[in-house]
Amino acid sequence: VGVQEDALASLEGDAAGVLDAAVGALEGLTDFRAEPIQAALRESIVEGLGVKPRLAFGPLRVALSGRKVSPPLFESMEILGKESTLTRLRALRAGL
C-alpha cells in the first residue's frame with residue numbers, strides 16, 4: 001500500500017509506539033472481528049499508552065489505507081484479515 005505524503009505528514013505524537021502497541025495487541029487476538037479488534041486496540045493504546053483516540057488510531061489508518069481518511073478502521077481490519085493487517089502495520093512502522 002502506497003502511503004500518501006500528506007498522510008505521513010499528519011502523523012503526530014509517538015506514531016511508532018502506537019504501531020508497536022497495535023501489533024502487540026493484535027498478534028495475540030484469536031477472534032479477528034471488528035468488535036474484539038476495537039476493544040484490544042483501545043485497551044493497549046488508549047488506556048495502556050494514555051493516547052487520545054484521534055491520535056491513537058491515525059497511524060493505524062495510514063498504515064492500512066495509505067491515507068488520512070479511510071473506510072471504518074476496525075471493519076477494514078476485519079476484512080483485510082489478521083496477517084494482512086499486521087503486515088501493513090509493520091511496514092509503516094519499519095518506514096518511520
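How much accessible surface does the chain have, and what share of it belongs to carbon and sulfur atoms? The accessible surface comes to about 5200 Å², and 52% of it belongs to carbon and sulfur atoms. These areas come from the Shrake-Rupley method with a 1.4 Å probe.

The model is predicted: local features need pLDDT of at least 70, side-chain atom pairs count only at pLDDT 80 or more, and totals for chains, interfaces and linings use all residues. Residues are numbered from 1 along each chain as its sequence is written, and side-chain values use heavy atoms, leaving out hydrogens and water.

The chain holds six helices and zero strands. Its pattern along the sequence is α-α-α-α-α-α. Helices (H or I, at least four residues) and strands (E, at least two) are DSSP runs, numbered from the N terminus. The radius of gyration is 12 Å, close to the 12 Å that the globule rule gives for 96 residues, so the chain is as compact as a globular protein of that length. This radius is taken over C-alpha atoms, and the rule is 2.2 Å times the number of residues to the power 0.38. Along the principal axes, the C-alpha atoms fill a box of roughly 35 × 25 × 20 Å.

Of the 96 residues, 43% count as buried (under 20% relative accessible area, 1.4 Å probe, protein chains only). Contact means heavy atoms within 4.5 Å. Among contacts between residues at least 6 apart in sequence, 69% join residues at least 24 apart.

The largest nonpolar core has 31 residues. Such a core is a set of buried Ala, Val, Leu, Ile, Met, Phe, Trp, Tyr and Cys residues joined through side-chain atoms within 4.5 Å. L26, L41, I45, L60 and M77 touch the most other members. Two or more residues each come from α2 (15-27), α3 (34-47), α4 (53-65), α5 (73-80) and α6 (82-95). Helix α2 gives the largest share, eight residues. In soluble globular proteins, nonpolar side chains tend to be buried together.

Not counting residues up to four places away in sequence, I45 touches V18, A21, A22, G50, V51, A56 and L60. M77 lies in helix α5 and is buried, at 0% relative accessibility. Beyond four places in sequence, the contacts of M77 are L26, F32, I37, L41, L60, L64 and T85. The C-alpha atoms of M77 and R33 are separated by 8.0 Å, although these residues are 44 apart along the chain. T85 belongs to helix α6. T85 is also buried, with a relative accessible area of 0%. Neighbours within four places aside, T85 is in contact with L26, F32, L64, M77 and L80.

Conventions:
Buried means under 20% relative accessible area, exposed over 50%, partly exposed in between (1.4 Å probe, protein chains only).
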